[in-house]
Amino acid sequence: MAMEKDLNPHSPRIRKLRENSHPNTSTSRMCNNNQRDNHYQNILNSPRDYNYAPSSPTARTRHRRRSSENLSEVSRSNVSRVSNLLLGDKNKYKSMWIRTCSSLWMLGGVMFIIYMGHLYIWAMVVAIQIFMARELFFLLRRVHEERRLPGFRLLNWHFFFTAMLFVYGRMLQQQLVNTVSSDRFIYKLVSGLIKYQMVIWYFLYIAGFIWFILTLKKKMYRYQFGQYAWTHMILIVVLAQSSFIVANIFEGIFWFLLPAALIAMNDVAAYFFGFYFGKTPLIKLSPKKTWEGFIGASVATIISAFFFANVLGQFQWLTCPRKDLSTGWLHCDPGPLFRPEYYPLPFWIAPFSPWKEISILPVQWHAFSLGLFASAIAPFGGFFASGFKRAFKIKDFGDSIPGHGGFTDRMDCQNVMAFFAYIYIHSFIVNQYSVEMILDQISRGLGDEEQKMLYVKLGDILQHKLQGRF
Amino acid sequence: MEEENVTSSPSTQVPRIRHRRRSNEAVVDGDRVNASPLLVNDRNKYKSFMVRTYSTLWMIGGFVLVVYMGHLYITAMVVVIQIFMAKELFNLLRKAPEDKCLPYIKQLNWHFFFTAMLFVYGRILSQRLANTMTADQFFYRLVSGLIKYHMAICYSLYIIGFMWFILTLKKKMYKYQFGQYAWTHMILIVVFTQSSFTVANIFEGIFWFLLPASLIIINDIFAYIFGFFFGRTPLIKLSPKKTWEGFIGASVTTIISAFVLANILGRFPWLTCPREDLSTGWLQCDADPLFKPEPFALPSWIPEWFPWKEMTILPVQWHALCHGLFASIIAPFGGFFASGFKRAFKIKDFGDSIPGHGGITDRMDCQMVMAVFAYIYLQSFIVSQSVSVDKILDQILTNLTFEEQQALFMKLGQMMKDKLQ
């Protein structure tokens with residue numbers, strides 16, 4: 001199994017990983033055995049080990065680990081630890097190589113999936129989510145108690161499945177209805193399911209709740225309640241974030257790709273700036289982060305947000321919303337946000353550039369806000385995760401990705417960003433009540449008679465308003 | 001006093017009655033505990049059950065008054081109860097020495113509480129708030145602006161709390177702080193889900209709040225009575241005082257009384273009309289078809305001597321049967337959950353706000369499960385989800401600008417013309 005980590009021909013994100021047998025030889029975790037069972041007992045052996053761990057606070061880059069990463073981490077540690085540097089040097093290049101390999105594979109995999117389309121991205125998100133949930137479920141479990149509670153793990157997965165049904169049922173009910181509108185019988189079945197989805201979901205949840213109560217064992221109450229609360233917290237965090245990502249995807253892949261790219265960009269830039277200029281530490285929780293890295297990365301992220309938005313906004317595949325669950329090509333009217341507007345260049349640039357005016361997509365202004373958030377607030381997701389790991393004395397959330405730790409390590413900042421992107425889109429970009437949406441509702445929800453009635457009433461009201469104005 | 005509370009406080013293992021503790025309760029407790037301590041504690045028992053009866057009567061009186069006053073006051077009562085519950089629960093797993101090192105932890109909890117309240121009530125009451133404000137142009141715009149950006153506002157408040165939490169993390173206290181953070185979230189979710197659903201039900205008609213609450217109370221009372229007279233086989237290890245006889249007897253009684261209670265309550269428009277805005281005056285409305293009496297011929301297998309050949313039944317009574325079924329079978333699990341929780345964390349009561357009864361959470365545990373069910377039932381089976389002409393007209397008038405309304409009008413006309421062809 002040892003060779004698997006280096007030359008894995010399949011992107012780890014798409015295929016199921018055989019996590020247990022990944023002996024992580026990266027010396028950045030020299031003294032820490034990253035076997036899954038020992039997670040709970042991964043007490044930090046010495047301060048220098050903790051510093052070398054690449055998956056600790058500094059490194060939340062989702063897809064695009066750069067090879068300079070290890071170097072920058074090392075150089076950013078305190079002077080007192082510099083002496084330890086030289087010891088690990090040779091092994092460092094090897095681990096850096098592993099990380100770069102897995103990063104490139106992840107990057108390649110993601111690009112492939114984006115090319116394939118919305119439905120495949122959704123499947124990818126669901127797969128990532130299952131892995132994250134699995135890592136987190138395992139995390140605070142104690143093997144000894146587990147043996148005495150046979151059905152407990154199953155209960156976790158029951159709640160997971162219920163939550164998934166709830167979340168995706170709500171988000172995708174519109175798309176689902178549109179997909180199956182052809183066949184009469186299936187349409188009725190699906191709309192029945194959707195109408196009663198709350199009830200179905202509620203009864204599944206209550207079944208889980210009752211099952212939990214019936215399996216309470218004397219002397220294990222505290223452990224079981226703790227696990228129950230932990231399960232709920234995990235499900236909320238994991239499923240909320242992925243449901244927002246999925247909702248964003250169906251608004252247009254752009255709204256998924258841009259925030260994710262900004263987070264990755266922010267991490268990479270933070271490394272570079274910290275590597276070259278890092279001096280003043282940023283926060284006690286993450287001793288390797290520096291103010292220089294932070295500020296440099298913020299500027300870089302905001303500027304690149306502007307340009308990314310321009311580049312990405314030109315592809316219809318990325319900007320069109322998907323109304324149903326098909327996988328074919330998309331054509332649509334891009335909407336005012338993605339139509340280029342032309343601004344004449346300000347006079348102090350004009351002499352130097354061949355173009356007389358620049359075209360700006362209005363969406364680029366929105367991208368500024370996204371960039372600002374990604375650089376200033378999303379890193380708090382990373383701090384939260386580091387604090388959490390310190391609180392519970394664990395090194396990594398998992399070890400699914402060679403060189404990087406588990407999925408949760410990669411997704412912690414993405415969480416916060418996805419939530420923000422969703423709220424931003426629904427508050428400022430998508431118009432909740434547009435003419436099209438209401439027309440849609442009318443044509444779907446009202447019969448012919450009712451439509452006529454509505455038409456007449458609306459006509460009357462508009463008439464009154466017009467007359468009132470004159 | 002401590003000892004009395006231990007033996008006579010029903011809130012440890014005996015079912016949770018919300019407001020109408022009956023006087024036989026303390027006696028029942030005594031009987032179901034071992035026979036020998038009975039007579040010993042007799043004198044103190046009467047005193048404690050006077051206390052309990054007294055507080056019960058006050059609670060009932062207060063409750064009836066609030067119901068009489070109306071929807072807005074009931075909502076206010078629910079909010080107050082919720083604040084007390086949250087306060088009890090926040091204090092529950094807190095440890096004093098750690099807290100001294102963390103100055104702002106209480107404020108952080110209340111910040112999250114306030115954010116959650118804004119979020120939940122904003123969503124539920126936004127439409128009604130808009131309806132109330134149509135008079136004044138300026139306030140209307142302010143309110144609809146707030147409603148439109150409601151999600152963004154709540155999100156910003158939450159993120160501020162999140163960052164505040166991270167910035168106050170102190171070395172060596174991480175585990176405690178994360179534990180408190182998770183605990184805060186769980187409390188807020190539990191407390192707010194149930195109270196928001198309760199408030200949503202209230203505005204659909206007080207009937208949909210009163211019926212589930214009464215059923216839970218009736219279930220508890222009759223579980224006592226049946227357990228008292230016939231209780232023999234224990235029900236569940238978590239609550240050793242509950243018995244199968246009590247459970248089954250109470251179920252039957254609850255279902256029957258659901259049927260009858262729905263008939264009685266359904267005759268008052270004050271209870272059955274939905275409230276469309278936030279006013280407090282009297283309500284008039286067209287009776288929903290659910291509340292119009294229909295004659296129902298009794299099935300033929302009823303014996304001859306039964307005086308009535310047919311009864312008038314409000315269709316809502318059939319729905320009440322489902323409520324009764326749920327209240328008797330599944331809602332008690334809320335009580336079991338609370339008992340298990342108290343045993344797990346070795347606490348006797350959630351609080352001591354109500355003399356003789358323990359804290360407010362002790363009273364509300366079964367109610368929480370029932371409130372969620374009542375809301376989901378209402379939304380799925382009773383409130384018609386299909387769009388109606390008036391709803392859409394409302395949407396058009398409140399959310400679109402005048403130009404957009406005209407555009408919609410023309411497109412609609414076009415669409416209808418196309419259909420005809």
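The size of an interface is often given as the accessible area lost when the parts come together. The model described here is predicted.

In terms of residues, the contact involves 63 residues of chain B and 70 residues of chain A. The count of salt bridges between chain B and chain A is 0. Polar contacts are present across the interface of the two chains, where the rule finds 3 residue pairs, with both residues at pLDDT 80 or more. On the side of chain B that touches chain A, at least two residues each come from helix H8 (150-167), helix H9 (174-204), helix H14 (332-344), helix H15 (360-382), helix H16 (389-399) and helix H17 (402-420) of chain B. Of the elements of chain B, H17(B) gives the most to this side, with 12 residues. Divided by class, the side of chain B that touches chain A holds 45 nonpolar residues, 10 polar residues and 8 charged residues.

Chain B itself contains 17 helices and 4 strands. Its length is 421 residues, of which 52% count as buried. When contacts in chain B between residues at least 6 apart in sequence are considered, 75% of them join residues at least 24 apart.

The aromatic residues form a further theme. Over all chains, the rule gives a count of 64 aromatic pairs. One of them consists of A:Trp122 and A:Tyr168, whose ring centres are 5.7 Å apart; the planes stand at 65 degrees, so the pair is edge-to-face, the cut-off for that class being over 60 degrees. This pair links distant parts of the chain, with A:Trp122 in helix H4 (residues 118-139) of chain A and A:Tyr168 in helix H6 (residues 152-179) of chain A, 46 residues apart. A:Tyr168 has a relative accessible area of 8% and is therefore buried, since buried means under 20%.

A:Phe306 and A:Phe307 also form an edge-to-face pair, at 5.9 Å centre to centre and with 85 degrees between the planes. A:Phe306 counts as buried because its relative accessibility is 16%.

Ring pairs also link residues of chain A and chain B into a cluster. From chain A, the members are A:Phe159, A:Phe166, A:Trp201, A:Tyr205, A:Phe209, A:Phe212, A:Phe225 and A:Tyr228. From chain B, the members are B:Trp183, B:Phe337, B:Phe341 and B:Phe345.

Key:
Residues are numbered from 1 along each chain as its sequence is written. Chains are lettered from A and ligands numbered from 1 in the order in which they are written. This is a predicted model: local features need pLDDT of at least 70, side-chain atom pairs count only at pLDDT 80 or more; totals for chains, interfaces and linings use all residues. Side-chain values use heavy atoms; hydrogens and water are left out. Contact means heavy atoms within 4.5 Å. A salt bridge is a side-chain nitrogen of Lys or Arg within 4 Å of a carboxyl oxygen of Asp or Glu. A polar contact is a pair of N or O atoms within 3.5 Å; within protein, one must be able to donate a hydrogen and the other to accept it, and residues adjacent in sequence count only if both atoms are side-chain atoms. Ala, Val, Leu, Ile, Met, Phe, Trp, Tyr, Cys and Pro count as nonpolar, Asp, Glu, Lys and Arg as charged, and the others, Gly among them, as polar. Rings of Phe, Tyr and Trp (its six-membered ring) pair if their centres lie within 6.5 Å; planes under 30 degrees apart count as stacked, over 60 as edge-to-face and the rest as tilted. Buried means under 20% relative accessible area, exposed over 50%, partly exposed in between (1.4 Å probe, protein chains only).
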